[in-house]
Amino acid sequence: MKLTFTMLLAMFFINTYAQEIQKLEFCNCIDKIEQISPQLNGKYERICDNQINETGAFKNGKKDGEWITYSKKGTIIRKLSYDEGKLNGNVELLFFNGKTKLKGAFTKGKQNGEWIYYNSNGKALMQGEYDNGKPIKIWTINKGSKAIIQYDFNSSNYLSNGKPDLRKSGFFMRNDNTGEYFFYYFSPKQFIAETAPLGGHRFTQNLLLDLFEIPLDYWDTYISYEYKAKVTLTPDHQSNFVIALSNEEYDFEKEPTYPFIIKTNPDSKIKKIDHTELSKQLLAFKIDEAFSLLPPWVYAGKAEIDIHIPYVVNRLVDFSKPAERKYN
């Protein structure tokens, strides 16, 4: 059969603008993407309750261009840019109430310029500067309006080292995505080490609570995923990491663990869902992204550290036993 020019043109447009659509009826969401297999490619869009929840694009399996997440009320809560998998450009995170959570910037995967973390009341929690991935000058952690921790990265010395505010297990928090509240749980034991992010491991766990996102397709479902971040450090306090799913045994009390263990609603409202492979990939990207936004590490002689990251929704964990691993 001879193809006419019109038929060829029609086939071109069909192939160019074809979308794969996955309906997530349990959360009233639709995922649209140009290509899933053999790797993610093209524009991505999630629509929930007939309004846009997230937009972005992939290139050869990696995030590319601007990614924006909107809350259920339609306001922007996350705005980041990528260049073929590397964070590149301004970073802005906001609380559900519209107040700024974090402002910073990357250049080809390296933090640059001034970074400021805020609490939900709009006050600066922590701030400092980077130069091409290297923390420089004095970084400060505040408690209210008072500076309680100050570290001079140029001279590698603490100017002051007090105790930051820490949340307690069972803390009541608000999800920026839905506006609903959830409970957060963690082990009462604290892992203390000199080589750690500024403020220490427990402070970083608290901060990661605000940096993690709970996507709409995971809210009110059961999951228990376990990741491990392998962090490498240099004497000038630069850090790199790689995160992957893990099935290794570990001890909460003897190894640094950044648990994200939450309860969103009573069991009667929780759904048993087999999440799509696309959903799992999108969540893995978000966990990697959140870890990228952590404050600088203070190098104190240890160049490699493994951080365990249980990401658990609506499955309570017995901290006296190894983490329960249930992948769905």
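Visitor: Hi! Where is the place of Asn50?

Guide: Asn50 sits in the loop between S3 and strand S4 (51-59). Keep in mind that this is a predicted model.

Visitor: Is Asn50 exposed or buried?

Guide: Asn50 has a relative accessibility of 78%, so it counts as exposed.

Visitor: And what is phi of Asn50 near?

Guide: Phi of Asn50 is near 65 degrees, which is a positive value in a residue other than glycine. Asn314 also has a positive phi, near 65 degrees, and it too is a residue other than glycine.

Visitor: Where is Asn314 found, then?

Guide: Look at the segment after strand S24 (304-313). Asn314 has 5% relative accessibility, so it counts as buried.

Visitor: Let me step back. How many helices and strands are in the protein?

Guide: The protein has 3 helices and 24 strands. Of its 328 residues, 46% are buried.

Visitor: What about the accessible surface of the protein?

Guide: That surface is about 16300 Å², and carbon and sulfur atoms account for 50% of it.

Visitor: And the contacts between residues at least 6 apart in sequence, what percentage join residues at least 24 apart?

Guide: Of those contacts, 51% join residues at least 24 apart in sequence.

Visitor: Okay, helices. How many residues of helix H2 are buried?

Guide: In helix H2 (residues 201-211), 11 of the 11 residues are buried, so the rest of the structure largely encloses this helix. Among the buried residues of H2 are His201, Arg202, Asp210 and Leu211.

Visitor: What should helix H3 span, at 1.5 Å a residue?

Guide: H3 has 16 residues (277-292) and should span 22 Å. Its end C-alpha atoms are 23 Å apart, which agrees.

Visitor: Which residues of H3 are buried?

Guide: The buried ones include Leu278, Leu282, Leu283, Lys286, Ile287, Glu289 and Phe291.

Visitor: Changing topic: which residues does the disulfide join?

Guide: The count comes to 1 disulfide, and it joins Cys29 to Cys48 with an S to S distance of 2.0 Å. Cys29 lies in strand S2 (residues 29-35) and Cys48 in strand S3 (residues 41-48), so the pair ties together parts that are 19 residues apart in sequence. Both Cys29 and Cys48 are buried.

Visitor: Why is the disulfide of Cys29 and Cys48 called right-handed?

Guide: The torsion about its S-S bond is about 110 degrees, so this disulfide is right-handed.

Visitor: Where is Pro38 found?

Guide: Pro38 is in the loop between S2 and S3. A cis peptide bond joins Ser37 and Pro38, with omega at about 5 degrees.

Visitor: Now the inside. How many residues has the largest nonpolar core?

Guide: The largest nonpolar core has 63 residues. Those with the most contacts inside it are Leu198, Leu211, Phe291, Leu293, Ile307 and Tyr311. Apart from that core lies another, of 5 residues, among them Leu24, Cys27, Cys48 and Leu216.

Visitor: What does Ile307 touch?

Guide: Leaving out residues up to four places away in sequence, Ile307 touches several residues, including His201, Tyr227, Pro256, Tyr258, Phe291 and Trp297.

Visitor: Where do nonpolar side chains tend to be in soluble globular proteins?

Guide: They tend to be buried together.

Visitor: Why is the pair of Trp115 and Tyr117 called tilted?

Guide: Their planes are at 40 degrees, with ring centres 6.3 Å apart, so the pair is tilted. Both Trp115 and Tyr117 are buried.

Visitor: Which residues do ring pairs link into a cluster?

Guide: The cluster links Phe106, Trp115, Tyr117, Tyr130, Trp139, Tyr151, Phe153 and Tyr158.

Methods:
Residues numbered from 1 in each chain as written. Predicted model: local features only at pLDDT ≥ 70, side-chain atom pairs only at ≥ 80, totals over all residues. Heavy atoms only, no water. Helix = DSSP H or I, 4+ residues; strand = E, 2+ residues; numbered from the N terminus. Buried < 20%, exposed > 50% of the residue type's maximum accessible area, 1.4 Å probe, protein only. Contact = heavy atoms within 4.5 Å. Areas by Shrake-Rupley, 256 points an atom, 1.4 Å probe, with all protein chains shown as cover. Expected span 1.5 Å × (residues − 1). Disulfide = S-S within 2.5 Å. Core = buried A, V, L, I, M, F, W, Y, C linked by side-chain atoms within 4.5 Å. Phe/Tyr/Trp six-rings, centres within 6.5 Å; stacked < 30°, edge-to-face > 60°.
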